[in-house]
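I opened this one to see how its parts sit against each other. Below are my notes, in the order I looked things up.

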Amino acid sequence: MSAATIFGLCAAAAVGLGLYGLITNPQPLRKILAFNLLGSGVFLVFGVVARRGAASGFGGDPVPQALVITGIVVAFSATALAVALLLRLFQATGSATLRAEAPPRTGSDATAA
Amino acid sequence: MIPHSGPVLEAATTGGSLLVLALVVPLVGVLLAFAAGGRQVERIALATMPLGLAIAVAIAVVMGQTRAPLVYLLGAWAPPLGVALRADGLSAVMMAITALVICAIGVFAHADFRTPAGSLEARAPFAFWILLLAIWGALNTVFLAGDLFTLYVALELVTFAAVPLVCLDGRAETLQAALRYLLFALLGSVLYLVGTVLLYGAYGTLDIVLLSRRVHPDAATLVAAALMTVGLLAKTAVFPLHLWLPPAHAGAPAAGSAVLSALVVKASFFIVVRLWFDVMPGLPGFTAAQLLAGLGGAAIAFGSIVALRQERLKLLIAYSTLAQIGYLFLMFPLAFNAGSAQLESGGALTGGLLQTISHATAKAAMFMAAGLIYAGLGHDRITGLGGVARALPLSVLAFAAGGVALVGVPPSGAYLAKELLLQAAGETEQWWWAAVIQAGGIFTAGYLVLVLAHAFAPADEPVTLQVRVPWTREAAALALALCSLVLGLAPWEAYLPASRAAPSGPLVLKAFAAAFWPIVGGAVLAVLLGRWGKRLACAPAGFLVATAGPLRRAADVVGRIIERADGTLRQWPAAGLSLLVLAILFGAAMLPAR
């Protein structure tokens, strides 16, 4: 098993765990953390893809590395925005769940997070 | 739409620097406004708007003369080493409409988001104007980006600027709606990013033109295409991935809802079009296109029925957006050419794009009108709208004009779009989509009739307006609605493929013929499914509602079931599972194309 395969499998595991957490966890903070785990998995895939360049004698393809830096910046800003919203929500309601959404109608439309 | 060969796409063209201006001007506005702060923010935003509009018009004019895409190479490095900005006909049209809608929203929002006299800086105006300019810059980036990674960054910028618009008033439920929107949008964009990296790994480039020449159906490409499509669908809020849209669009302030519904969802839709028509026209194949339009058809039926059962006007419009988004996806199977097994940029694509811009203008106008009615009455309960047509005639007229334009009355853009789509359905022998297209028009007429019947009903007591509604705000809404009504007359053949001349002959007769059956059908739907107050009992509508009693009870059962299904689908686990199932389905549907 080559290094690229091992990294690829790790990336797949991180993506899978992140997806699971993002979909099933009702707590927004855990969803944010799961999103970061999912993002890390994807960035690891970028690293694996960068090994493509190694065939032609380079240490690695620089383009995915440039992309991954941009990706990390975007994920960081997204996390910051989500945490800021969560803090405002906590200040406004005293709880940090998405349980009761802006109810269009009570009863049939009550939606859990 | 981007031609797939020819040297012109790898060299900068004259007028290419206009593309840079289109990106830079709104973003410079953001930075200046951020640095200046206070009262300067709205001045800078309002000064940027005519400038941006002029640039969008200039791009359209240059393209109308040269009839060729505009290209700008950043740092004069050609792809795959460098990054290119490209504007084809689709980009030019979308940019012009975006500029128009943003300017109208600027006029409309001027009264809502004014820094109050006596205070140095207020939070809501400061945020609103900066976010509006940021959305504009990000949307222009989406329309001009020449490679998939720039599209990713632009898509994220649109989301980051759109999410705070939802919760500008800081109420708890809008904060929740914003957080929901952000988290689901992030899930969608991560899937898009996975697809991007897989494509880079397979082909060594992300440039749209270079990719379109190299792409071939192997396993990695199929997975990438399925993941990217589903990620973008989640961001566009296609049924059943719409959990974030109704609370976000209904909770935002009126100007914010107009931006979100008219423009923001179109960004990810535009990328789906880029991906399917420009990057990989041969990959999706017949089955995947049917699946995509099937989701659209389900969205039309589902969104419209739930919309008709809403109690509040803004939620009704939000759910109708869901249905209208579904309508946009009907063009994909109609563009499929069975002979070449490819999606072709022809009449169906033109029809879909015309529907996109008609919806952008009309829906912005309808949200603005609803905002004015809300401000005037102090509520937006549909059964309490009686007498509002007398109190706010211009707002109701704007709402009606926007609705009529969307139903597809000549010479509106939606009429031309419907004609082109029906023609494509005839040519490709897919009669079932023709039926869905007609049903879409009838459902649209349904909520128009429902709202207007209430608005024109006499009031119990004379309506007293809570606030004075300035005529400039009503005029902004009305102008956009009228613009949507005459979009069919514009010279689209310079920008869009296989466009047709404007409808000729006696226009009034044609308008009547085109509107008659949808409005009759819509009235029936509204009577069956709508909510009717007791007050209408004496009006003709009230008589109809009373006569249709047993049928209404049956329709009520159907409506309840669909509403309950909506409640279930809008929960996180259900939406997440639908997302994964759809990704697998799209992957499987693309397999036979190999």
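**Between the domains of chain B**

I started inside chain B, where 42 residues of domain 1 are in contact with 52 residues of domain 2. Contact here is a pair of C-beta atoms, placed from the backbone, within 7 Å. This is a predicted model, in which local features need pLDDT of at least 70 and side-chain atom pairs count only at pLDDT 80 or more, while totals for chains, interfaces and linings use all residues. Residues are numbered from 1 along each chain as its sequence is written, and chains are lettered from A and ligands numbered from 1 in the order in which they are written.

Which elements of domain 1 of chain B supply at least two residues each to the side that touches domain 2? I found helix H2 (40-66), strand E2 (84-87), helix H3 (89-109) and helix H4 (123-144) of chain B. H3(B) gives the most to that side of domain 1, with 14 residues. Helices (H or I, at least four residues) and strands (E, at least two) are DSSP runs, numbered from the N terminus. By class, this side of domain 1 of chain B has 34 nonpolar, five polar and three charged residues. For the classes, Ala, Val, Leu, Ile, Met, Phe, Trp, Tyr, Cys and Pro are nonpolar, Asp, Glu, Lys and Arg are charged, and the others, Gly among them, are polar.

**The core**

Next I looked up the largest nonpolar core: of its 276 residues, B:Ile135, B:Val142 and B:Val158 touch the most other members. A core is a set of buried Ala, Val, Leu, Ile, Met, Phe, Trp, Tyr and Cys residues joined through C-beta atoms within 7 Å. Buried means 20 or more other C-beta atoms within 10 Å of a residue's own, exposed means 12 or fewer, and partly exposed is in between, with C-beta atoms placed from the backbone. Helix H6 (172-203) of chain B gives the most to this core, with 21 residues. Domain 1 and domain 2 of chain B each put in at least three residues.

I then picked B:Val158 and left aside neighbours within four places in sequence. B:Val158 is in contact with B:Ile135, B:Ala138, B:Leu139, B:Val142, B:Val264 and B:Ala267.

Chain A has three helices and zero strands. Of the 113 residues of chain A, 37% count as buried.

How do H1(A) and H23(B) lie to each other? The axes of H1(A) and helix H23 (572-590) of chain B come within 8 Å and cross at roughly 140°, so the two helices are oblique. Axes are lines fitted to C-alpha atoms, for helices over the stretch in contact, with angles from 0 to 180 degrees between N-to-C directions. Under 35 degrees is roughly parallel, over 145 roughly antiparallel, 65 to 115 roughly perpendicular, and the rest oblique. A:Leu22, A:Ile23 and A:Thr24 in H1(A) meet B:Trp572, B:Pro573 and B:Gly576 in H23(B).

Last, I checked A:Gly94, in the segment after H3 of chain A. A:Gly94 counts as exposed because it has 8 C-beta neighbours inside 10 Å.

Technical notes: Two residues are in contact if their C-beta atoms, placed from the backbone, lie within 7 Å. Domain bounds come from an automatic or database domain assignment.
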